[in-house]
Amino acid sequence: MKTIYKNAAILTESGKQEVMNILVNEEIGVIEQMGTGDGWTFDREIDVSGKLIAPGFVDVHVHLREPGGEKKETIATGTHAAAKGGFTTVAAMPNTKPVPDCPEHVAGILEKIHNDARVRVLTYGSITVREAGREIVDMEAVAEDIFAFTDDGVGVQEAGMMFEAMKRAADLGKAVVAHCEDNSLIYGGAVHEGRFSETMNIPGIPSVCEAVHIARDVLLAEAAGAHYHVCHVSTKESVRVIRDAKNAGIKVTAEVTPHHLLLCEDDIPGNDANYKMNPPLRGKEDRNALVEGLLDGTIDFIATDHAPHTEEEKSLPMEEAPFGIIGLELAFPLLYTQFVKKGQFTLDQLIGWLSEKPSRIFQLPYGKLQEGEPAEFTVINLDEKKTVKKEDIVSKGKNTPFYGEELQGWPVMTVFNGKQVWTEDE
């Protein structure tokens with residue numbers, strides 16, 4: 001079966017849109033041809049006039065919760081949400097039950113992915129057994145089947161353990177991906193330590209607890225010769241530390257979430273746990289530093305940190321509710337509406353931060369829209385406007401602070417491995 005996607009708008013290397021046709025061979029899952037379509041033979045024609053075709057988005061930071069957290073999300077529902085958001089590759093964090101900390105646990109998760117996933121799911125291996133921070137896993141035993149190593153959700157507190165893990169990961173050619181938080185500086189906080197925490201009398205998490213951990217780790221990474229990647233950067237001090245480390249030649253990369261780019265503590269309307277995430281929404285100057293860091297290349301790309309929870313959990317006060325919000329389905333329209341439409345980012349930049357950049361940094365062969373490459377792309381109606389509604393969310397998690405916002409630029413179809421895995425008509 002060969003399908004031609006006709007009259008697609010494609011971003012060229014100059015960042016301009018050019019109308020062309022794409023011929024997909026569904027049997028082998030590749031883009032056979034891109035161009036005028038003259039003389040092509042095909043079995044099916046899909047007219048996408050007026051719509052943009054972008055490379056499938058790549059998100060290296062999602063929580064699919066399965067196994068162990070199926071009330072919040074499953075591999076099936078999480079990858080449904082990914083496909084709806086235009087993502088064709090996601091990497092699942094290891095804070096599951098059991099944790100992927102040995103070959104048997106990794107194999108069990110890979111089997112579930114094989115059976116249930118709509119799009120590609122890469123699996124992290126944990127750095128420490130059960131993410132407990134007491135014993136490094138047998139990294140050599142799981143390396144072949146995992147994407148990278150992380151204890152996301154908690155920071156590795158002991159420097160010597162992190163150093164040893166970095167050395168072993170470097171020998172295996174794997175990155176160490178870090179949730180950065182010095183536990184001795186958290187003080188039981190639920191939100192950012194700042195104006196909001198003081199006004200609401202809610203314990204705050206100081207910015208220094210993140211930046212000091214990154215500062216320690218970049219020096220360890222330099223000594224170990226490791227690729228060190230910082231998850232969800234949230235403070236201006238962290239941006240400064242990462243910038244200095246890059247200038248020193250240390251192999252450090254970093255990601256930022258859509259919600260940290262869009263919101264700060266001033267936007268929290270009250271004791272609403274849909275605004276509770278870890279790291280928390282920081283001050284306005286932090287938010288501005290994240291945007292600046294993304295634009296100047298200090299921060300390399302955008303990842304959603306998709307973190308579904310049950311509505312019951314998120315109905316609790318901020319002091320008691322779990323951290324995290326969902327992100328896969330709203331990432332592109334949020335960022336397109338708030339940054340591209342307002343002229344702060346170009347469309348080319350945004351697409352790159354969501355596809356090519358994370359692929360290149362982790363040496364993944366995805367995020368490309370070229371002849372001979374995997375047919376993985378999303379079709380986006382840049383003119384479509386919709387209001388964010390709970391009933392439209394397909395993730396099991398409904399926890400987002402963005403309900404009621406009118407957003408523009410929505411994916412309408414996603415193709416993975418040559419086949420349509422989601423359309424807006426579902």
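This is a predicted model: local features need pLDDT of at least 70, side-chain atom pairs count only at pLDDT 80 or more; totals for chains, interfaces and linings use all residues.
Local features were taken at pLDDT of at least 70, side-chain atom pairs count only at pLDDT 80 or more, and totals for chains, interfaces and linings use all residues. Residues are numbered from 1 along each chain as its sequence is written, and side-chain values use heavy atoms, with hydrogens and water left out.

Two UniProt annotations were examined. UniProt positions are given in the numbering used here, with shortened feature names, and annotations may be inferred rather than shown by experiment. In an unreviewed entry, UniProt places a "binding site" at His61, His63, Asp152 and Asp305. These residues are spread over 245 residues of sequence, yet they cluster in space, with a largest C-alpha distance of 10.1 Å. His61, His63, Asp152 and Asp305 are in the lining of the second largest pocket. Pockets were found on a 1 Å grid over the protein atoms alone: a pocket is an open set of points with protein on both sides within 12 Å along at least five of seven lines, whereas a cavity is a set of points where a 1.4 Å probe fits but cannot get out. Lining residues have an atom within 4 Å of a point.

A "binding site" annotation, also from an unreviewed UniProt entry, covers Asp152, His179 and His232. These residues span 81 residues in sequence, but no two of their C-alpha atoms are more than 10.2 Å apart, so they gather at one spot. The lining of the second largest pocket takes in Asp152, His179 and His232.

Histidine 63 lies in the loop between strand E6 and helix H1 (75–84). Helices (H or I, at least four residues) and strands (E, at least two) are DSSP runs, numbered from the N terminus. Histidine 63 is buried, with a relative accessible area of 5%. Buried means under 20% relative accessible area, exposed over 50%, and partly exposed in between (1.4 Å probe, protein chains only). Not counting residues up to four places away in sequence, histidine 63 touches Glu73, Met93, Asn95, Asp152, Asp305, His306, Ala307 and Pro308. Contact means heavy atoms within 4.5 Å.

Histidine 179 sits in the loop between E10 and strand E11 (191–192). Histidine 179 is buried at 5% relative accessibility. Its contacts, leaving aside neighbours within four places in sequence, include Asp152, His213, Cys231, His232 and Asn278. Gly153, Val154 and Gly155 are also among the contacts of histidine 179.

Strand E6 belongs to an open sheet of 3 strands, in the order E6-E7-E8, with parallel pairing. Two strands pair if DSSP finds at least two bridges between them. Strands E6 (57–62) and E8 (120–123) stand at the edges; each has a single partner strand, so one side of each is left without a neighbour in the sheet. Neighbouring strands are turned by 20 degrees against each other on average, direction ignored. Axes are lines fitted to C-alpha atoms, for helices over the stretch in contact, and angles run from 0 to 180 degrees between N-to-C directions. Strand E7 (residues 87–92) pairs with E8 in the parallel sense over 4 bridges. Threonine 89 stands opposite arginine 120 in E8.

Side chains of opposite charge can pair when their charged atoms come close. A salt bridge is a side-chain nitrogen of Lys or Arg within 4 Å of a carboxyl oxygen of Asp or Glu. The count comes to 17 salt bridges. Lys236, Glu237 and Glu285 are linked in a network. Glutamate 237 meets lysine 236 at 3.3 Å, N to O. Glutamate 285 bridges to lysine 236 with the closest N and O atoms 4.0 Å apart. This second pair links distant parts of the chain: glutamate 285 in helix H9 (residues 284–295) and lysine 236 in helix H7 (residues 236–247), 49 residues apart.

Glutamate 311 forms a salt bridge with lysine 390, with the closest N and O atoms 3.0 Å apart. Glutamate 311 is in helix H10 (residues 311–314), and lysine 390 is in the loop between strand E16 (377–387) and strand E17 (406–416), 79 residues apart. Glutamate 311 is partly exposed at 46%, and lysine 390 is partly exposed at 39%.

Glycine 173 occupies the loop between helix H4 (159–172) and strand E10 (176–178). Glycine 173 is exposed, at 64% relative accessibility.
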